[in-house]
Amino acid sequence: MENVIYLFIIPVFTAIFTLLSTFASQIINGRLNRKQAVGFFHPFTNDGGGGERVLWCAVKAIQEESPHLDCVIYTGDHDASPQSLASRATDRFGVNLLYPPMVVHLYKRKWVEETSYPRFTVIGQSFGSIYLAWEALCKFPPLYYFDTCGYAFTYPLARIFGCKVICYTHYPTISLDMISRVRDRSSMYNNNASIARSGWLSRCKIIYYTFFSWMYGFVGSCAHLAIVNSSWTQSHIEKLWKIPNRIKRVYPPCDTSGLQALPLERSVDPPRFVSVAQFRPEKAHSLQLEAFAVAIGKLDADSPRPKLQFVGSCRNNFDEERLQKLQDKAIELKVNGDVEFYKNVLYRDLVSLLGGAIVGMHSMIDEHFGICVVEYMAAGAIPIAHNSAGPKMDIVLEEDGEQTGFLCQNVEEYADAILSVLRMPDTETLKMAAAGRKRANRFSEQRFYEDFKAAIRPIVNQASR
(Lines give C-alpha, C1' and ligand atoms only; values in the text may rest on other atoms or scores of the structure.)
Protein backbone atom coordinates (compact mmCIF):
# COMPACT_ATOMS: atom_id res chain seq x y z
CA MET A 1 0.00 0.00 0.00
CA GLU A 2 2.82 2.39 0.91
CA ASN A 3 4.49 1.68 -2.41
CA VAL A 4 1.27 2.64 -4.22
CA ILE A 5 1.07 5.90 -2.24
CA TYR A 6 4.69 6.72 -3.03
CA LEU A 7 4.12 5.94 -6.69
CA PHE A 8 1.29 8.50 -6.67
CA ILE A 9 2.74 11.21 -4.42
CA ILE A 10 6.26 11.38 -5.82
CA PRO A 11 5.20 12.21 -9.43
CA VAL A 12 2.72 14.79 -8.15
CA PHE A 13 5.29 16.56 -6.00
CA THR A 14 7.83 16.32 -8.80
CA ALA A 15 5.40 17.96 -11.22
CA ILE A 16 4.56 20.74 -8.73
CA PHE A 17 8.24 21.36 -8.01
CA THR A 18 9.04 21.48 -11.72
CA LEU A 19 6.18 23.90 -12.36
CA LEU A 20 7.21 26.20 -9.51
CA SER A 21 10.82 26.09 -10.61
CA THR A 22 9.79 27.07 -14.13
CA PHE A 23 7.71 29.97 -12.82
CA ALA A 24 10.54 31.12 -10.55
CA SER A 25 13.13 30.96 -13.31
CA GLN A 26 10.88 32.91 -15.70
CA ILE A 27 10.34 35.63 -13.09
CA ILE A 28 14.04 35.83 -12.16
CA ASN A 29 14.97 35.96 -15.83
CA GLY A 30 12.39 38.69 -16.41
CA ARG A 31 13.59 40.79 -13.48
CA LEU A 32 17.21 40.51 -14.63
CA ASN A 33 16.45 41.30 -18.27
CA ARG A 34 13.98 44.15 -18.05
CA LYS A 35 14.19 46.42 -21.06
CA GLN A 36 14.31 50.21 -21.08
CA ALA A 37 10.77 50.32 -22.38
CA VAL A 38 7.15 51.00 -21.61
CA GLY A 39 5.01 47.96 -22.32
CA PHE A 40 1.40 48.88 -23.15
CA PHE A 41 -0.93 46.00 -22.33
CA HIS A 42 -3.70 46.47 -24.89
CA PRO A 43 -4.80 43.06 -26.26
CA PHE A 44 -7.39 44.54 -28.65
CA THR A 45 -5.76 47.17 -30.85
CA ASN A 46 -8.64 47.30 -33.31
CA ASP A 47 -11.60 48.15 -31.08
CA GLY A 48 -11.92 51.65 -32.53
CA GLY A 49 -13.23 53.25 -29.33
CA GLY A 50 -12.10 56.00 -26.99
CA GLY A 51 -9.84 53.55 -25.16
CA GLU A 52 -7.78 53.01 -28.29
CA ARG A 53 -7.46 56.77 -28.81
CA VAL A 54 -6.06 57.03 -25.27
CA LEU A 55 -3.56 54.28 -26.09
CA TRP A 56 -2.11 56.11 -29.09
CA CYS A 57 -2.05 59.48 -27.37
CA ALA A 58 -0.31 57.89 -24.36
CA VAL A 59 2.27 56.30 -26.67
CA LYS A 60 2.92 59.66 -28.34
CA ALA A 61 3.20 61.39 -24.95
CA ILE A 62 5.79 58.84 -23.77
CA GLN A 63 7.73 59.25 -27.01
CA GLU A 64 7.82 63.02 -26.48
CA GLU A 65 8.49 62.96 -22.72
CA SER A 66 10.97 60.06 -22.53
CA PRO A 67 12.56 59.44 -25.94
CA HIS A 68 15.08 57.04 -24.35
CA LEU A 69 12.26 54.58 -23.61
CA ASP A 70 10.97 52.22 -26.28
CA CYS A 71 7.21 51.87 -26.59
CA VAL A 72 5.97 48.29 -26.93
CA ILE A 73 2.39 47.21 -27.66
CA TYR A 74 1.22 43.83 -26.35
CA THR A 75 -1.55 42.89 -28.77
CA GLY A 76 -3.57 39.82 -29.64
CA ASP A 77 -4.15 41.06 -33.19
CA HIS A 78 -1.76 38.84 -35.11
CA ASP A 79 -1.78 40.96 -38.26
CA ALA A 80 -0.61 44.04 -36.32
CA SER A 81 2.81 45.39 -37.24
CA PRO A 82 4.66 48.54 -36.13
CA GLN A 83 3.81 50.26 -39.41
CA SER A 84 0.16 49.17 -39.50
CA LEU A 85 -0.43 50.33 -35.92
CA ALA A 86 1.22 53.70 -36.59
CA SER A 87 -0.93 54.08 -39.71
CA ARG A 88 -4.04 53.09 -37.76
CA ALA A 89 -3.32 55.74 -35.12
CA THR A 90 -3.17 58.35 -37.88
CA ASP A 91 -6.02 57.16 -40.10
CA ARG A 92 -8.53 56.30 -37.39
CA PHE A 93 -7.70 58.86 -34.71
CA GLY A 94 -5.55 61.56 -36.27
CA VAL A 95 -2.66 60.81 -33.87
CA ASN A 96 0.77 61.03 -35.54
CA LEU A 97 3.28 58.96 -33.56
CA LEU A 98 6.92 60.11 -33.61
CA TYR A 99 7.94 56.60 -34.70
CA PRO A 100 6.18 53.21 -34.99
CA PRO A 101 5.94 51.26 -31.71
CA MET A 102 7.43 47.82 -31.20
CA VAL A 103 4.91 44.96 -31.24
CA VAL A 104 4.72 41.82 -29.12
CA HIS A 105 2.09 39.38 -30.35
CA LEU A 106 0.01 37.49 -27.79
CA TYR A 107 -1.54 34.12 -28.61
CA LYS A 108 -3.60 33.53 -25.45
CA ARG A 109 -6.09 36.36 -25.97
CA LYS A 110 -9.07 34.00 -25.84
CA TRP A 111 -8.61 33.97 -22.06
CA VAL A 112 -9.82 37.57 -21.84
CA GLU A 113 -12.62 37.34 -24.39
CA GLU A 114 -16.11 37.49 -22.92
CA THR A 115 -17.28 34.64 -25.17
CA SER A 116 -14.98 32.30 -23.20
CA TYR A 117 -17.07 32.86 -20.06
CA PRO A 118 -20.85 32.48 -20.54
CA ARG A 119 -21.16 32.68 -16.74
CA PHE A 120 -19.00 34.54 -14.18
CA THR A 121 -17.70 36.61 -17.06
CA VAL A 122 -16.07 39.36 -15.00
CA ILE A 123 -14.04 37.09 -12.75
CA GLY A 124 -13.23 34.76 -15.64
CA GLN A 125 -11.81 37.56 -17.74
CA SER A 126 -9.94 38.94 -14.75
CA PHE A 127 -8.14 35.68 -13.98
CA GLY A 128 -7.68 35.06 -17.71
CA SER A 129 -5.88 38.40 -17.99
CA ILE A 130 -3.23 37.12 -15.55
CA TYR A 131 -2.42 34.25 -17.91
CA LEU A 132 -2.26 36.64 -20.86
CA ALA A 133 -0.03 39.05 -18.95
CA TRP A 134 2.26 36.13 -18.05
CA GLU A 135 2.74 35.48 -21.76
CA ALA A 136 3.43 39.18 -22.37
CA LEU A 137 5.92 39.63 -19.53
CA CYS A 138 7.80 36.42 -20.29
CA LYS A 139 8.23 37.50 -23.92
CA PHE A 140 9.24 41.08 -23.16
CA PRO A 141 9.71 42.31 -19.57
CA PRO A 142 9.65 46.15 -19.59
CA LEU A 143 10.78 48.66 -17.01
CA TYR A 144 7.25 50.13 -17.01
CA TYR A 145 4.10 48.09 -17.38
CA PHE A 146 1.26 50.30 -18.61
CA ASP A 147 -2.28 48.90 -18.65
CA THR A 148 -4.71 50.90 -20.78
CA CYS A 149 -7.63 48.46 -20.73
CA GLY A 150 -8.49 47.99 -17.05
CA TYR A 151 -6.92 44.56 -16.43
CA ALA A 152 -6.15 45.29 -12.77
CA PHE A 153 -5.59 41.62 -11.88
CA THR A 154 -2.35 41.76 -13.89
CA TYR A 155 -0.78 44.40 -11.62
CA PRO A 156 0.56 42.09 -8.86
CA LEU A 157 2.17 39.89 -11.53
CA ALA A 158 3.81 42.91 -13.17
CA ARG A 159 5.20 43.96 -9.80
CA ILE A 160 6.58 40.45 -9.24
CA PHE A 161 8.44 40.87 -12.55
CA GLY A 162 9.91 44.08 -11.12
CA CYS A 163 7.94 46.51 -13.28
CA LYS A 164 6.67 49.91 -12.27
CA VAL A 165 2.92 49.63 -12.78
CA ILE A 166 0.99 52.51 -14.35
CA CYS A 167 -2.60 52.32 -15.53
CA TYR A 168 -5.12 54.51 -17.26
CA THR A 169 -8.49 53.42 -15.88
CA HIS A 170 -11.50 54.30 -18.00
CA TYR A 171 -13.99 52.73 -15.59
CA PRO A 172 -13.90 50.35 -12.61
CA THR A 173 -14.34 46.67 -13.47
CA ILE A 174 -16.91 46.61 -10.70
CA SER A 175 -18.55 49.60 -9.06
CA LEU A 176 -20.74 50.23 -6.06
CA ASP A 177 -23.49 51.18 -8.51
CA MET A 178 -23.40 47.68 -9.99
CA ILE A 179 -23.85 46.12 -6.57
CA SER A 180 -26.73 48.52 -5.81
CA ARG A 181 -28.52 47.58 -9.05
CA VAL A 182 -28.29 43.88 -8.23
CA ARG A 183 -29.58 44.61 -4.74
CA ASP A 184 -32.47 46.59 -6.26
CA ARG A 185 -32.99 43.71 -8.75
CA SER A 186 -32.77 45.99 -11.78
CA SER A 187 -32.44 44.19 -15.12
CA MET A 188 -29.60 45.55 -17.32
CA TYR A 189 -27.01 44.37 -19.81
CA ASN A 190 -24.79 43.28 -16.89
CA ASN A 191 -27.61 41.84 -14.75
CA ASN A 192 -29.61 39.13 -16.49
CA ALA A 193 -33.40 39.40 -16.21
CA SER A 194 -33.68 35.88 -14.78
CA ILE A 195 -31.31 36.86 -11.95
CA ALA A 196 -33.13 40.15 -11.34
CA ARG A 197 -36.43 38.24 -10.95
CA SER A 198 -34.99 35.82 -8.39
CA GLY A 199 -34.36 36.95 -4.86
CA TRP A 200 -32.12 33.95 -4.11
CA LEU A 201 -30.00 34.41 -7.26
CA SER A 202 -29.73 38.15 -6.58
CA ARG A 203 -28.43 37.47 -3.07
CA CYS A 204 -25.86 35.04 -4.48
CA LYS A 205 -24.75 37.63 -7.02
CA ILE A 206 -24.40 40.28 -4.31
CA ILE A 207 -22.06 37.92 -2.40
CA TYR A 208 -20.13 37.26 -5.62
CA TYR A 209 -19.84 40.97 -6.44
CA THR A 210 -18.86 41.85 -2.87
CA PHE A 211 -16.09 39.23 -2.86
CA PHE A 212 -14.92 40.34 -6.30
CA SER A 213 -14.88 44.01 -5.28
CA TRP A 214 -12.57 43.09 -2.38
CA MET A 215 -10.20 41.27 -4.74
CA TYR A 216 -10.40 44.15 -7.21
CA GLY A 217 -9.49 46.59 -4.47
CA PHE A 218 -6.45 44.52 -3.51
CA VAL A 219 -5.01 44.11 -7.02
CA GLY A 220 -5.76 47.72 -7.94
CA SER A 221 -3.81 48.95 -4.93
CA CYS A 222 -0.69 47.40 -6.51
CA ALA A 223 -0.52 50.20 -9.09
CA HIS A 224 2.31 52.67 -8.54
CA LEU A 225 0.27 55.27 -10.42
CA ALA A 226 -3.42 55.11 -11.33
CA ILE A 227 -4.61 57.67 -13.87
CA VAL A 228 -8.39 57.97 -14.12
CA ASN A 229 -10.48 59.62 -16.80
CA SER A 230 -13.30 61.37 -14.93
CA SER A 231 -14.69 62.53 -11.60
CA TRP A 232 -17.08 59.55 -11.54
CA THR A 233 -14.31 57.01 -12.11
CA GLN A 234 -12.05 58.74 -9.60
CA SER A 235 -14.66 58.57 -6.84
CA HIS A 236 -15.20 54.83 -7.37
CA ILE A 237 -11.50 53.95 -7.72
CA GLU A 238 -10.63 55.88 -4.56
CA LYS A 239 -13.25 53.95 -2.59
CA LEU A 240 -12.23 50.56 -4.01
CA TRP A 241 -8.44 50.79 -4.27
CA LYS A 242 -7.86 53.08 -1.26
CA ILE A 243 -4.70 54.71 -2.71
CA PRO A 244 -5.83 58.36 -3.08
CA ASN A 245 -2.27 59.71 -3.14
CA ARG A 246 -1.44 57.57 -6.19
CA ILE A 247 -4.53 58.53 -8.21
CA LYS A 248 -4.48 61.36 -10.78
CA ARG A 249 -7.39 62.53 -12.90
CA VAL A 250 -6.49 63.20 -16.54
CA TYR A 251 -9.41 63.72 -18.91
CA PRO A 252 -9.11 61.62 -22.08
CA PRO A 253 -7.83 63.21 -25.30
CA CYS A 254 -10.57 64.59 -27.51
CA ASP A 255 -9.99 65.98 -30.98
CA THR A 256 -11.24 69.45 -30.19
CA SER A 257 -8.78 71.44 -32.34
CA GLY A 258 -9.58 69.69 -35.60
CA LEU A 259 -13.30 69.60 -34.94
CA GLN A 260 -13.43 73.25 -33.87
CA ALA A 261 -12.38 74.20 -37.39
CA LEU A 262 -15.83 73.08 -38.55
CA PRO A 263 -18.29 75.97 -39.07
CA LEU A 264 -20.98 76.40 -36.41
CA GLU A 265 -23.57 77.33 -38.99
CA ARG A 266 -24.70 74.38 -41.05
CA SER A 267 -27.47 73.21 -43.34
CA VAL A 268 -30.65 72.08 -41.57
CA ASP A 269 -32.34 70.57 -44.61
CA PRO A 270 -32.81 67.94 -43.43
CA PRO A 271 -31.61 68.37 -39.82
CA ARG A 272 -29.06 65.66 -39.09
CA PHE A 273 -28.57 63.89 -35.76
CA VAL A 274 -25.43 61.79 -35.32
CA SER A 275 -24.77 58.99 -32.82
CA VAL A 276 -21.14 57.88 -32.46
CA ALA A 277 -20.55 54.72 -30.41
CA GLN A 278 -19.39 51.14 -30.82
CA PHE A 279 -22.26 48.74 -31.42
CA ARG A 280 -22.12 47.30 -27.90
CA PRO A 281 -25.07 46.51 -25.60
CA GLU A 282 -24.25 49.15 -22.97
CA LYS A 283 -24.40 51.95 -25.55
CA ALA A 284 -28.22 51.57 -25.63
CA HIS A 285 -28.71 52.48 -29.29
CA SER A 286 -32.29 51.20 -29.24
CA LEU A 287 -33.24 53.90 -26.70
CA GLN A 288 -32.13 56.57 -29.17
CA LEU A 289 -34.02 54.90 -31.99
CA GLU A 290 -37.23 54.67 -29.97
CA ALA A 291 -36.96 58.30 -28.86
CA PHE A 292 -36.29 59.39 -32.43
CA ALA A 293 -39.41 57.55 -33.61
CA VAL A 294 -41.52 59.17 -30.86
CA ALA A 295 -40.18 62.63 -31.77
CA ILE A 296 -40.95 62.14 -35.47
CA GLY A 297 -44.47 61.09 -34.52
CA LYS A 298 -44.95 64.41 -32.69
CA LEU A 299 -43.49 66.63 -35.42
CA ASP A 300 -45.69 69.23 -37.04
CA ALA A 301 -46.78 68.28 -40.55
CA ASP A 302 -44.84 71.13 -42.14
CA SER A 303 -41.64 70.51 -40.13
CA PRO A 304 -38.64 68.99 -41.95
CA ARG A 305 -38.05 65.30 -41.15
CA PRO A 306 -34.66 64.85 -39.46
CA LYS A 307 -32.08 62.15 -40.23
CA LEU A 308 -30.46 59.99 -37.54
CA GLN A 309 -27.00 58.68 -38.46
CA PHE A 310 -25.53 55.83 -36.39
CA VAL A 311 -21.73 55.71 -36.65
CA GLY A 312 -19.77 52.95 -34.94
CA SER A 313 -17.43 49.99 -35.11
CA CYS A 314 -18.08 46.27 -34.74
CA ARG A 315 -15.53 44.21 -32.78
CA ASN A 316 -16.97 40.77 -33.50
CA ASN A 317 -19.99 38.80 -34.75
CA PHE A 318 -22.03 39.74 -31.69
CA ASP A 319 -21.67 43.43 -32.54
CA GLU A 320 -22.61 42.65 -36.14
CA GLU A 321 -25.78 40.95 -34.90
CA ARG A 322 -26.57 43.96 -32.72
CA LEU A 323 -26.22 46.26 -35.70
CA GLN A 324 -28.55 44.07 -37.76
CA LYS A 325 -31.14 44.06 -34.95
CA LEU A 326 -30.93 47.84 -34.80
CA GLN A 327 -31.57 48.04 -38.53
CA ASP A 328 -34.54 45.66 -38.14
CA LYS A 329 -35.89 47.79 -35.31
CA ALA A 330 -35.77 50.90 -37.50
CA ILE A 331 -37.99 49.06 -39.99
CA GLU A 332 -40.32 47.96 -37.20
CA LEU A 333 -40.63 51.55 -35.95
CA LYS A 334 -41.22 52.75 -39.53
CA VAL A 335 -38.27 55.17 -39.47
CA ASN A 336 -35.86 53.17 -41.63
CA GLY A 337 -36.09 55.85 -44.32
CA ASP A 338 -34.88 58.42 -41.78
CA VAL A 339 -32.02 56.38 -40.29
CA GLU A 340 -28.57 55.71 -41.76
CA PHE A 341 -25.87 53.34 -40.51
CA TYR A 342 -22.11 53.82 -40.95
CA LYS A 343 -19.79 50.99 -39.84
CA ASN A 344 -16.04 51.25 -39.21
CA VAL A 345 -15.64 54.66 -40.86
CA LEU A 346 -12.29 56.39 -41.26
CA TYR A 347 -11.53 59.41 -39.11
CA ARG A 348 -11.89 61.90 -41.95
CA ASP A 349 -15.35 60.50 -42.73
CA LEU A 350 -16.34 60.80 -39.07
CA VAL A 351 -15.30 64.47 -39.09
CA SER A 352 -17.44 65.05 -42.17
CA LEU A 353 -20.48 63.47 -40.50
CA LEU A 354 -19.99 65.50 -37.32
CA GLY A 355 -19.65 68.67 -39.40
CA GLY A 356 -23.11 68.15 -40.87
CA ALA A 357 -24.94 67.35 -37.63
CA ILE A 358 -26.88 69.75 -35.44
CA VAL A 359 -27.22 67.21 -32.60
CA GLY A 360 -25.07 64.43 -31.15
CA MET A 361 -26.85 61.54 -29.39
CA HIS A 362 -25.55 59.55 -26.40
CA SER A 363 -27.49 57.13 -24.19
CA MET A 364 -25.13 54.93 -22.15
CA ILE A 365 -25.95 54.74 -18.43
CA ASP A 366 -22.93 55.57 -16.26
CA GLU A 367 -20.64 56.31 -19.21
CA HIS A 368 -17.40 56.81 -17.28
CA PHE A 369 -16.52 59.87 -19.35
CA GLY A 370 -17.98 60.21 -22.84
CA ILE A 371 -15.43 61.24 -25.46
CA CYS A 372 -18.11 61.28 -28.15
CA VAL A 373 -20.08 63.90 -26.17
CA VAL A 374 -17.05 66.21 -26.11
CA GLU A 375 -16.51 65.60 -29.82
CA TYR A 376 -20.10 66.61 -30.51
CA MET A 377 -19.61 69.86 -28.62
CA ALA A 378 -16.26 70.63 -30.27
CA ALA A 379 -17.79 69.99 -33.69
CA GLY A 380 -20.68 72.35 -32.96
CA ALA A 381 -23.35 69.67 -32.51
CA ILE A 382 -25.59 70.06 -29.45
CA PRO A 383 -25.28 66.98 -27.21
CA ILE A 384 -28.30 65.04 -25.97
CA ALA A 385 -26.67 62.74 -23.42
CA HIS A 386 -27.57 60.42 -20.59
CA ASN A 387 -28.01 62.12 -17.24
CA SER A 388 -25.35 60.16 -15.35
CA ALA A 389 -21.62 59.81 -14.64
CA GLY A 390 -19.23 61.63 -17.02
CA PRO A 391 -21.71 63.68 -19.09
CA LYS A 392 -23.52 64.76 -15.93
CA MET A 393 -20.51 65.40 -13.67
CA ASP A 394 -17.87 66.71 -16.08
CA ILE A 395 -19.08 67.54 -19.57
CA VAL A 396 -22.62 68.84 -20.20
CA LEU A 397 -22.42 71.65 -17.67
CA GLU A 398 -23.07 75.35 -18.12
CA GLU A 399 -20.31 77.47 -19.65
CA ASP A 400 -20.35 81.15 -18.67
CA GLY A 401 -23.96 80.68 -17.57
CA GLU A 402 -25.04 79.29 -20.95
CA GLN A 403 -26.64 75.88 -21.49
CA THR A 404 -24.38 73.52 -23.45
CA GLY A 405 -26.77 70.62 -24.13
CA PHE A 406 -29.45 68.32 -22.75
CA LEU A 407 -29.33 65.51 -20.17
CA CYS A 408 -32.01 62.80 -20.33
CA GLN A 409 -32.86 59.43 -18.76
CA ASN A 410 -35.75 57.83 -20.66
CA VAL A 411 -37.44 57.70 -24.07
CA GLU A 412 -39.82 60.57 -23.30
CA GLU A 413 -37.06 62.90 -22.11
CA TYR A 414 -34.91 62.12 -25.15
CA ALA A 415 -37.86 62.69 -27.50
CA ASP A 416 -38.61 66.03 -25.80
CA ALA A 417 -34.97 67.10 -26.15
CA ILE A 418 -34.98 66.17 -29.86
CA LEU A 419 -38.12 68.25 -30.40
CA SER A 420 -36.68 71.15 -28.40
CA VAL A 421 -33.68 71.38 -30.72
CA LEU A 422 -35.81 71.04 -33.86
CA ARG A 423 -38.10 73.85 -32.68
CA MET A 424 -35.31 76.11 -31.42
CA PRO A 425 -34.65 79.39 -33.30
CA ASP A 426 -31.40 79.43 -35.23
CA THR A 427 -29.96 82.13 -32.96
CA GLU A 428 -30.55 79.95 -29.86
CA THR A 429 -29.10 76.90 -31.58
CA LEU A 430 -25.94 78.81 -32.45
CA LYS A 431 -25.63 80.22 -28.92
CA MET A 432 -25.86 76.76 -27.34
CA ALA A 433 -23.46 75.25 -29.87
CA ALA A 434 -20.94 78.05 -29.23
CA ALA A 435 -21.14 77.53 -25.45
CA GLY A 436 -20.62 73.79 -25.92
CA ARG A 437 -17.63 74.35 -28.16
CA LYS A 438 -16.03 76.62 -25.59
CA ARG A 439 -16.52 74.04 -22.85
CA ALA A 440 -14.99 71.33 -25.03
CA ASN A 441 -11.65 73.18 -24.80
CA ARG A 442 -11.30 71.77 -21.28
CA PHE A 443 -10.91 68.29 -22.78
CA SER A 444 -8.56 68.97 -25.69
CA GLU A 445 -5.85 66.59 -26.87
CA GLN A 446 -3.22 69.20 -25.96
CA ARG A 447 -4.61 69.41 -22.42
CA PHE A 448 -4.35 65.60 -22.19
CA TYR A 449 -0.69 65.64 -23.21
CA GLU A 450 0.13 68.32 -20.64
CA ASP A 451 -1.72 66.66 -17.75
CA PHE A 452 -0.60 63.14 -18.69
CA LYS A 453 3.08 64.08 -18.81
CA ALA A 454 2.77 65.90 -15.48
CA ALA A 455 1.20 62.77 -13.93
CA ILE A 456 3.84 60.29 -15.14
CA ARG A 457 6.87 62.56 -14.72
CA PRO A 458 7.50 61.85 -10.99
CA ILE A 459 7.38 58.08 -11.37
CA VAL A 460 9.45 58.03 -14.56
CA ASN A 461 12.08 60.36 -13.07
CA GLN A 462 12.16 58.39 -9.81
CA ALA A 463 12.71 55.07 -11.57
CA SER A 464 15.38 56.55 -13.85
CA ARG A 465 17.59 57.61 -10.97
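Reply: Happy to! A polar contact is a pair of N or O atoms within 3.5 Å; within protein, one must be able to donate a hydrogen and the other to accept it, and residues adjacent in sequence count only if both atoms are side-chain atoms. This is a predicted model, where local features need pLDDT of at least 70, side-chain atom pairs count only at pLDDT 80 or more, and totals for chains, interfaces and linings use all residues. Residues are numbered from 1 along each chain as its sequence is written, and side-chain values use heavy atoms, leaving out hydrogens and water.

Me: Which backbone oxygen lies 2.6 Å from a polar atom of the side chain of Arg 266?

Reply: Arg 266 sits in the loop between helix 10 (256–259) and strand 8 (272–276); helices (H or I, at least four residues) and strands (E, at least two) are DSSP runs, numbered from the N terminus. The backbone oxygen of Gly 355 is 3.4 Å from a polar atom of this side chain. At 2.6 Å, the backbone oxygen is that of Ala 379.

Me: How many residues of helix 9 are buried?

Reply: Buried means under 20% relative accessible area, exposed over 50%, partly exposed in between (1.4 Å probe, protein chains only). Among the buried residues are Trp 232, His 236 and Trp 241. Helix 9 (residues 231–241) is largely enclosed by the rest of the structure, because the buried ones among its 11 residues number eight.
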